[in-house]
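The exercises below concern one protein model. Each task sentence is followed by a solution in steps.

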Amino acid sequence: MLTDIYKGVKHPILITLLCINSILSFAQNRNRDTIIVFNLYNKAFKAIKTKPDSVDFYVNVAILYSEKHAVVTYSTAECYYLLGSSFYRKSKFQEALLNFEKYRNIAEILKNNSTLFLANNAIANVYIEQGKPDVALSYYKKSLSLATNAGNKQNIGMIYNNIAFVYKDEGKYDDAISNLFKSLEINESIGNKLAIGNNYLQLSVISLRKGDNTTAIKYATLSLNIFDGLKKMDLVVISHYLLSGGYEGLHDLTKARSELEQSVAIAKKMNDPRAIALNSTRLGDLLFAAGLYKEALSNYLESVSLIEKIHLQRSLPSAYVSVGKSYFKINNFIESEKNLKQGLAEAIKGHQSEVISSAYKELSILYHAIKKDSLAIDYLNMYNSQKDSLMNRQTSDKLAELETKYENEKKQKQIEALNSQTELQASNLKNQGLALSKNKLEIDIQQLALDKNKLQLNNQGLELNKRQFLLHQQKLESNARGQKIKLLNNQNTIQKLEISKRNTTIMIIAIMFLIALLLGYQFYSSYKFKQEARLQSEVLNHQKLASKGIIEAEERERKRIAAELHDGVGQLFTAVKMNMEILIERFLIKQADADMLAEKTMAMVDESCNEVRSIAHQMMPNALIKSGLVSALRDFINKIPAEKLKISMETKGIDQPLESTTETVLYRVIQESVNNVIKHANATSLDILLLCDSKEITVSIEDNGRGFDTADKSKFTGIGLKNIISRVEYLKGSVDISSLPGKGTLVAIFIPLI
């Protein structure tokens, strides 16, 4: 049965974990509360593919039930995981973190390392989105330890990739690449294509940041081929985005724009706010490089708005810096300074070295332009320090190496000098020999001093080379910008001429033909569309009127019969009762059994009156008309003996009366469902849950009876179930009936209000 439940899931590790969790949950506690929570989680998991909007409903009901009855099982934990994942997809990271923490707490209570691994990884992902890489790294390392102890290669590869992601954002590219290749080696050994594609994606990003555009294009192309084959369109968007960046770095703006347009089209089709924000930033970069600063600023501001809206914290620093650069280009220095400082603060908080370096550079340029030279020099020094941290480390390593060599040579000379002294003393050489040795020693000392001076000159040469490199780099960047602007201007001029020529030719040759064709097609399409719309509208109206007429006619007939029973037959029985009482009082009945016969006749008349009144109230209960749906339902439930069926009803959100037709249909449906349970289910308890919000009404009716096989279509041929389904469909709602033999039955009803 468990394999049938999870057959829609493609991830083998997740299938195994969920099956283990479910089996252990049953083994730990097979009481009714545990089974109810498991069934609700089961429904939520099935709904992921078929009815995703119903997932949160089932999960929330399961969690509320677990908290109310103190149920702590693997099914409860998985409900928290599903709810946390739902919040994560909606960018509600604080709510996601809260549910993942509850998921982790239950995993610790149950001492299940597999579940604990998933919890730590999910929590780390949330902290990444919140711009807290240090906290995320600590949770990733906990997951790595659990995966290593379990020997799970797939999980080990995934965590190495996640750790590399953190190091990449902090600018620690050597550490990031080291972890990526560990992950890639493991993923290739087990043939995990999706994970391999993610490895290539990160390698492409790092190559872009290091300025190696050719390598970036190579890895982005490899990732695109994998994701395209796997139909992972959200990752295809990112691959096109990185290809655009690589081609821009190679000054091939035609290909850069083509790749970006493909990325934008897919992102908009998916309605993915993250991808749209990412592509807005990239489009801003292209426009900025073309000198279209106002258009670039518009895209950057749109990107910042989206990023703030979805709380994508790690993308915020670079977006602010881009906005600041654009304001500078249009001479709005106040807004430029404000956004550059905001970007710098966010980058420092998120440990993003590349963005910190860029912010320092742009602030230095800004302050130089507004004649604040002191601040300009300060930020330039900070930029040089940040930008060349790797070069400084290499220079420091080189200096340390030369210093070590110098010290070793110095010690070796001293040892040789001491050995020479000892040998001279031992052999009692002549004073001339001693003098010569002394001179030699002095020469060696002088040579050491020369070596030391040479080392200092080498250090100065390295510093000079570094400064020359910086000047050369700035010159190259300036030349590159000029060439980009010139190239774009030429391309724009050529494109305008070609478009003008092409448009003129097309207009002369084809305008009359196209006008005639379009008019004819438009007339035909308009006529056809109107006819189809009219036909469809008539069919829908007819169906709606027919359904409404049937239900209204049924309710009118019920009211008429109830009225006739109450006012006609009921009044007759009342009159009969009064006449009988008068007759008994007036006539003296002498037979011995006459009194008994009279009393028995009066009792039968009373019973007939009560039966008529009961039938009339069932046909159209007064509580529904006077007090509304909830009161009518409670009045109906209170009339059912608790020793026969224990019924509990919980309502939420029904503070105001509903539309009369809706209340009548809901009352009849719940009444029919309860009668079915009494007649067929052989149940001892029945739970009714009635929820109402601004969008829909949700009804859950669950019994612990003998249930039935929902795959057996003959079970749905009864009048009762047909009436329930037809009445709910009249209100444009849906009915979900879940049952298994011996497991009870759950009827879930969803009725939209808008």
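A salt bridge is a side-chain nitrogen of Lys or Arg within 4 Å of a carboxyl oxygen of Asp or Glu. The model is predicted, so local features need pLDDT of at least 70 and side-chain atom pairs count only at pLDDT 80 or more, while totals for chains, interfaces and linings use all residues. Residues are numbered from 1 along each chain as its sequence is written, and side-chain values use heavy atoms, with hydrogens and water left out.

**Exercise 1. Determine how many salt bridges the structure holds, and describe the pair formed by glutamate 108.**

Step 1. The structure holds four salt bridges.

Step 2. In one of them, glutamate 108 pairs with arginine 104 at an N to O distance of 2.7 Å.

Step 3. Both residues belong to helix 6 (residues 93-110); because they are four residues apart there, about one helical turn separates them. Helices (H or I, at least four residues) and strands (E, at least two) are DSSP runs, numbered from the N terminus.

Step 4. For exposure, buried means under 20% relative accessible area, exposed over 50%, and partly exposed in between (1.4 Å probe, protein chains only). Arginine 104 is buried at 12%, whereas glutamate 108 is partly exposed at 37%.

**Exercise 2. Describe the salt bridges of lysine 349 and lysine 639.**

Step 1. Lysine 349 meets glutamate 346 at 3.6 Å, N to O. The two lie three residues apart in helix 18 (residues 333-350), about one turn of the helix.

Step 2. Lysine 349 is exposed, with a relative accessible area of 53%; glutamate 346 is buried at 12%.

Step 3. Lysine 639 pairs with aspartate 635, and their closest N and O atoms are 3.7 Å apart. Here lysine 639 is exposed at 57% and aspartate 635 is partly exposed at 34%.

**Exercise 3. Which residues lie nearest the centre of the second largest pocket, and which helix gives the most to its lining?**

Step 1. On a 1 Å grid over the protein atoms alone, a pocket is an open set of points where a 1.4 Å probe fits, with protein on both sides within 12 Å along at least five of seven lines; lining residues have an atom within 4 Å of a point.

Step 2. The second largest pocket holds about 1200 Å³ of space, the volume being that filled by probe spheres set on grid points joined across faces, edges and corners.

Step 3. Its lining comprises 32 residues, and Phe57, Val61, Leu64, Leu689 and Leu691 lie nearest the centre.

Step 4. Helix 4 gives the most to this lining, with eight residues. Other elements that supply at least two residues each include helix 3 (32-50) and strand 2 (685-692).

Step 5. Valine 61 is placed in helix 4 and is buried, at 18% relative accessible area. Beyond four places in sequence, valine 61 touches Leu40 and Leu689, where contact means heavy atoms within 4.5 Å. Between valine 61 and leucine 40, the C-alpha distance is 7.5 Å across a sequence separation of 21 residues.

**Exercise 4. State the mean pLDDT of the protein and identify stretches under 50.**

Step 1. pLDDT is the predictor's confidence in each residue, from 0 to 100. Its mean over the protein is 75, and 69% of the residues reach 70 or more.

Step 2. Residues 1-30 stay under 50, with 44 contacts beyond four places in sequence in the model. Residues 390-407 are also below 50, and this stretch has 13 contacts beyond near neighbours in sequence.

Step 3. Where pLDDT is low, the predicted coordinates should not be read in detail.
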